[in-house]
Amino acid sequence: MLKKPLLISQLIMVFVFVGMSIFCVASNALDNTLPGQKKYWFALVLFLYAGLRARRVQVAWKELKSEENTK
């Protein structure tokens with residue numbers, strides 16, 4: 001039953017990526033590294049990647065639930 005801890009860690013990473021994207025937009029820490037609109041594009045990429053990971057977690061969770069129902 002290693003699948004549930006892996007799903008939990010993947011879900012935590014979704015929240016980490018969402019938090020990083022919010023940090024990129026709200027903070028001035030990246031102004032020197034990513035000037036201008038680049039930090040907003042970077043935040044968008046992080047947010048989209050978080051959405052992709054969330055979708056993968058959702059599909060894996062449904063698959064895990066269907067496996068448990070068939071047993």
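## Terms and basis of the model

A residue is called buried when its relative accessible area is under 20%, exposed when that area is over 50%, and partly exposed in between, as found with a 1.4 Å probe and protein chains only. By this scale D31, at 34% relative accessibility, counts as partly exposed.

The model is predicted, so local features need pLDDT of at least 70 and side-chain atom pairs count only at pLDDT 80 or more, while totals for chains, interfaces and linings use all residues. Residues are numbered from 1 along each chain as its sequence is written, and side-chain values use heavy atoms, with hydrogens and water left out.

Helices here are DSSP runs (H or I, at least four residues), numbered from the N terminus. Helix α1 covers residues 3-26, and its 24 residues should span 34 Å at 1.5 Å a residue, which agrees with the 35 Å between its end C-alpha atoms; the expected span is 1.5 Å times one less than the number of residues. The buried residues of α1 are L7, V14, F17, S21 and C24, and their cover includes α2 (38-70).

Leaving aside neighbours within four places in sequence, L30 is in contact (heavy atoms within 4.5 Å) with C24 and P35.

## Salt bridges

A salt bridge is a side-chain nitrogen of Lys or Arg within 4 Å of a carboxyl oxygen of Asp or Glu, and a search of the whole structure finds three. In one of them E68 pairs with K4, the closest N and O atoms being 3.6 Å apart, and this pair links distant parts of the chain, with E68 in helix α2 and K4 in helix α1, 64 residues apart. E68 also meets K65 in a salt bridge (3.7 Å, N to O); because these two are three residues apart in helix α2, about one helical turn separates them.

E68 is partly exposed, with a relative accessible area of 30%, and K4 and K65 are partly exposed at 33%. D31 forms a salt bridge with K39, the closest N and O atoms being 3.1 Å apart; whereas D31 is partly exposed, K39 counts as buried at 5% relative accessibility.
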